[in-house]
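Good morning, and thank you for making time for this presentation. I would ask you to look at the sequence and the structure together as I speak.

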Amino acid sequence: NCVVRRSYYGVDCQGSAAPKLVNTSIEACTQTPIVLDFTAAPVLSSLVFSSANNGYDAFGLRGGTISVPTSLPKRGATVGVNPITNVTYVLLGSLTISSGGSLTIAPGVVIKPVSGYSITVNSGGALTMNGTAAAGDTITVTSIHDDNFGQPNDTNNNGSITAPARGNWGNLYFAQGSSGSLQYCRLKFGNNSTTQGVVEM
């Protein structure tokens, strides 16, 4: 039953933080209403984000290094007046999955990296991105400027001012000795290098 207004990040969940956010509205943030480490596990109920006056209408992901098994589920909120069960994630820094670490991304999750950020899987790490054939269950990684995917679609709140382009984010890189799986994924507007792929191994 709180209102958090005009902050940089509304709520910052670091490490394994697991706060309960119930009947709470987060409004007019410079970045995202909530920013999370991948290992954070907030309990969300009746969460409301204001619409069109946040830097990004999304959950923020901090990036950094994962060294333990973790997962990225769908998370919901009401954005403006629209209840959304699968709010877009914005990747705010490059992610490295180190030895002993793993990341499993739930079917249907949409991630939009800003800048040239990438996901790197080091030896002994694992990345599992297994969507399904069901409607809405494709896992998508695309440009922050891509208004065709994610909920809400216009994640950066600028209408059609910016258009997606190749190289808007980096790539998925699997180092020797890493493991993982990609099924039913959509990867758009990533690395435009002449010597690297959007998925590299």
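This is a predicted model: local features need pLDDT of at least 70, side-chain atom pairs count only at pLDDT 80 or more; totals for chains, interfaces and linings use all residues.

The largest nonpolar core has 36 residues. Which of its members touch the most other members? They are Ile 34, Leu 72, Leu 103, Ile 105 and Leu 127. Another core lies apart from that one and has seven residues, including Val 35, Tyr 56, Leu 92 and Ile 144.

Setting aside neighbours within four places in sequence, Leu 72 is in contact with Phe 38, Leu 61, Tyr 89, Leu 103, Thr 104, Ile 105, Ala 106, Val 109 and Ile 111. Two of these partners, Leu 103 and Ile 105, were also named among the core members that touch the most others.

Strand β8 covers residues 69–72, and Thr 70 lies in it. Is Thr 70 buried or exposed? Its relative accessibility is 13%, and because the cut-off for buried is under 20%, Thr 70 counts as buried. Beyond residues up to four places away in sequence, Thr 70 touches Phe 38, Thr 39, Ser 102, Leu 103 and Thr 104. With Phe 38 there is also a polar approach: a polar atom of the Thr 70 side chain lies 3.0 Å from the backbone oxygen of Phe 38. As for Thr 88, it is 18 residues from Thr 70 in sequence, and their C-alpha atoms are 18 Å apart in space.

I turn now to the aromatic rings. A pair of aromatic rings is described by the distance of the centres and the angle of the planes. The count here comes to three aromatic pairs. One of them joins Tyr 8 and Tyr 9 edge-to-face, with 5.0 Å from centre to centre and 75° between the planes. Both residues are partly exposed, Tyr 8 at 47% relative accessibility and Tyr 9 at 24%.

Phe 59 and Tyr 89 form a tilted pair, 6.0 Å centre to centre and with 40° between the planes. Which parts of the chain does this pair tie together? Phe 59 belongs to strand β6, residues 59–61, and Tyr 89 to strand β11, residues 89–91, so the pair ties together parts that are 30 residues apart in sequence.

The next residue is Arg 75, in the loop between β8 and β9. Arg 75 is buried but has no salt bridge. How far away is the nearest side chain of opposite charge? That side chain, Asp 37, is 11 Å away. The Arg 75 side chain does reach the backbone oxygen of Ala 40, at 3.4 Å. Leaving out neighbours within four places in sequence, the contacts of Arg 75 include Leu 36, Ala 41, Pro 42 and Leu 44, together with Phe 59 and Tyr 89 of the tilted pair.

Finally, consider Thr 24 in strand β3, which spans residues 20–27. Thr 24 is buried, with a relative accessible area of 8%. Not counting residues up to four places away in sequence, Thr 24 touches Asn 1, Cys 2, Ser 46, Leu 47 and Val 48.

Thank you for your attention.

Terms used. Residues are numbered from 1 along each chain as its sequence is written. Side-chain values use heavy atoms; hydrogens and water are left out. A nonpolar core is a set of buried Ala, Val, Leu, Ile, Met, Phe, Trp, Tyr and Cys residues joined through side-chain atoms within 4.5 Å. Buried means under 20% relative accessible area, exposed over 50%, partly exposed in between (1.4 Å probe, protein chains only). Contact means heavy atoms within 4.5 Å. Helices (H or I, at least four residues) and strands (E, at least two) are DSSP runs, numbered from the N terminus. A polar contact is a pair of N or O atoms within 3.5 Å; within protein, one must be able to donate a hydrogen and the other to accept it, and residues adjacent in sequence count only if both atoms are side-chain atoms. Rings of Phe, Tyr and Trp (its six-membered ring) pair if their centres lie within 6.5 Å; planes under 30 degrees apart count as stacked, over 60 as edge-to-face and the rest as tilted. Lys and Arg count as positive and Asp and Glu as negative; His and the chain ends are not counted. A salt bridge is a side-chain nitrogen of Lys or Arg within 4 Å of a carboxyl oxygen of Asp or Glu.
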